[in-house]
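Please look over the sequence and the structure shown here before reading the notes. They are grouped by topic.

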2 protein chains.
Amino acid sequence: MQPTAQISPAALSQKLADSGLRNTPQREVVYSVLVGKRDHPTADEVFARVKSEMPTISLATVYNCLEALVQCNLVRQVNFERGPTRYCPNLHPHAHFHDEATGATYDIDLPPALLEQLRSQLPSGYRASDVEITFRGQATA
Amino acid sequence: MQPTAQISPAALSQKLADSGLRNTPQREVVYSVLVGKRDHPTADEVFARVKSEMPTISLATVYNCLEALVQCNLVRQVNFERGPTRYCPNLHPHAHFHDEATGATYDIDLPPALLEQLRSQLPSGYRASDVEITFRGQATA
DNA sequence: CCTTTGTTTAGAATTATTCTAATTCTTACT
DNA sequence: AGTAAGAATTAGAATAATTCTAAACAAAGG
Ligand SMILES: [Mn+2]
Ligand SMILES: [Mn+2]
Ligand SMILES: [Zn+2]
Ligand SMILES: [Zn+2]
């Protein structure tokens, strides 16, 4: 759960450019907030964290920035039931564990072979671009 | 994808009673609509189908009935991203395939051994009461 | 019957998110 | 530099799914 390799501002700009998007101070700070505390915050939580660094930013902009980061594949959206969307900058394929008691979310690494095994369960004709795995329960650690 | 074994009204009543709930005509028709067409309908879709049999039912009641059926474990809720909750009367452990193009949802059976393998990936201290697996992609069948 | 408790219902409220339209910023040309 | 065009930001309104509220209705038990 240690902070992931932060990509450089230049790399961020490049990734955005690859999707036809510009870099902006808002996008940089939203991204840095996400990598700074990888606890799968909601847009509201990101907003609160970003405001302390950039008090004039608006919630709409936070939503826009998050959308931009998702679009250029620097951030993943994570959903539990109908709760607010959460944001995850961990790009390695991984599953999520949602602790029902505390609401905390943990990344769970999965061996690629297991993911392949899962995919292989699909009947022919089903082409999956993505597999999403969520554990729900209680973490006593 | 054939209609699953319909449980009898008596069994439905029993299941409801087990959770301290009564059976009602509304709950029976909501349940029968779900088993009648197992395409993972939303509450709105259930509402539309139920209305043709019971035109006076309200949307609030459909939500209440669905909640009751979920509570007594006759129906599962299924969510894709932030879309409206869908309802599934297939009680066997299974995954879902969500066709991005058509919006259709298919049940995918999984060998219990594979589910066990997934669970075994959890670090000690993580007790999962539930695993949820969703494929996203395109079904050409 | 009468009471209690559960259920249904219509409509209001809530919540997360998206949309709108005005302003500001960047970029690229002249 | 000066200007036009396109992008991004912003505040606030709108939307959509769901839940809540409070009143009416129904069933069950004494
Ligand atoms: Mn939760
Ligand atoms: Mn879809
Ligand atoms: Zn994650
Ligand atoms: Zn299903």
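How do the residues of the surface near DNA strand C divide into nonpolar, polar and charged? They divide into 5 nonpolar, 7 polar and 4 charged, where Ala, Val, Leu, Ile, Met, Phe, Trp, Tyr, Cys and Pro count as nonpolar, Asp, Glu, Lys and Arg as charged, and the others, Gly among them, as polar. This is a predicted model, in which local features need pLDDT of at least 70, side-chain atom pairs count only at pLDDT 80 or more, and totals for chains, interfaces and linings use all residues. Residues are numbered from 1 along each chain as its sequence is written, chains are lettered from A and ligands numbered from 1 in the order in which they are written, and side-chain values use heavy atoms, with hydrogens and water left out.

**DNA strand C**

- DNA strand C is surrounded by 16 residues, and the closest are Tyr63(A), Thr85(A), Thr24(B), Arg27(B) and Thr61(B); a residue is near a strand if one of its heavy atoms lies within 4 Å of it.
- Of the atoms of DNA strand C that come within 4 Å of the protein, 83% belong to sugar and phosphate.
- In chain B, a side-chain N or O atom of Arg27(B) lies 2.7 Å from a phosphate oxygen of DNA strand C, and one of Gln26(B) lies 3.2 Å from a phosphate oxygen.
- The largest share, 3 residues, comes from α4(B).

**Zinc ion (ligand 4), chain B**

- The protein donors are His40(B) (NE2), Cys88(B) (SG), His94(B) (NE2), His96(B) (NE2) and Asp107(B) (OD), at 2.1 to 2.4 Å from the ion; donors are N, O and S atoms within 2.8 Å of the metal (3.2 Å for Na, K and Ca), and water is not among the atoms, so sites may look incomplete.
- Along the chain these donors follow the spacing H-x47-C-x5-H-x1-H-x10-D.
- His40(B) lies in the loop between α2 and α3 (43-53) of chain B and His94(B) in strand β3 (residues 94-99), so the pair ties together parts that are 54 residues apart in sequence.
- His40(B) is buried at 2% relative accessibility; buried means under 20% relative accessible area, exposed over 50%, and partly exposed in between (1.4 Å probe, protein chains only).
- His94(B) is buried as well, at 7%.

**Zinc ion (ligand 3), chain A**

- The protein donors here are His40(A) (NE2), Cys88(A) (SG), His94(A) (NE2), His96(A) (NE2) and Asp107(A) (OD), at 2.1 to 2.4 Å.
- His40(A) is in the loop between α2 (25-36) and α3 (43-53) of chain A and Asp107(A) is in strand β4 (residues 105-109), so the pair ties together parts that are 67 residues apart in sequence.
- His40(A) is buried at 2% relative accessibility, whereas Asp107(A) is partly exposed at 26%.

**Nonpolar core**

- The largest nonpolar core has 28 residues, of which Leu118(A), Ile133(A), Phe135(A), Leu118(B), Ile133(B) and Phe135(B) touch the most other members; such a core is a set of buried Ala, Val, Leu, Ile, Met, Phe, Trp, Tyr and Cys residues joined through side-chain atoms within 4.5 Å.
- Each of β3 (94-99), α5 (112-119) and β5 (126-139) of chain A, and β3, α5 (112-119) and β5 (126-139) of chain B, supplies at least two residues of this core.

Methods
Polar contact = N/O pair within 3.5 Å; in protein donor to acceptor, adjacent residues only side chain to side chain. Helix = DSSP H or I, 4+ residues; strand = E, 2+ residues; numbered from the N terminus.
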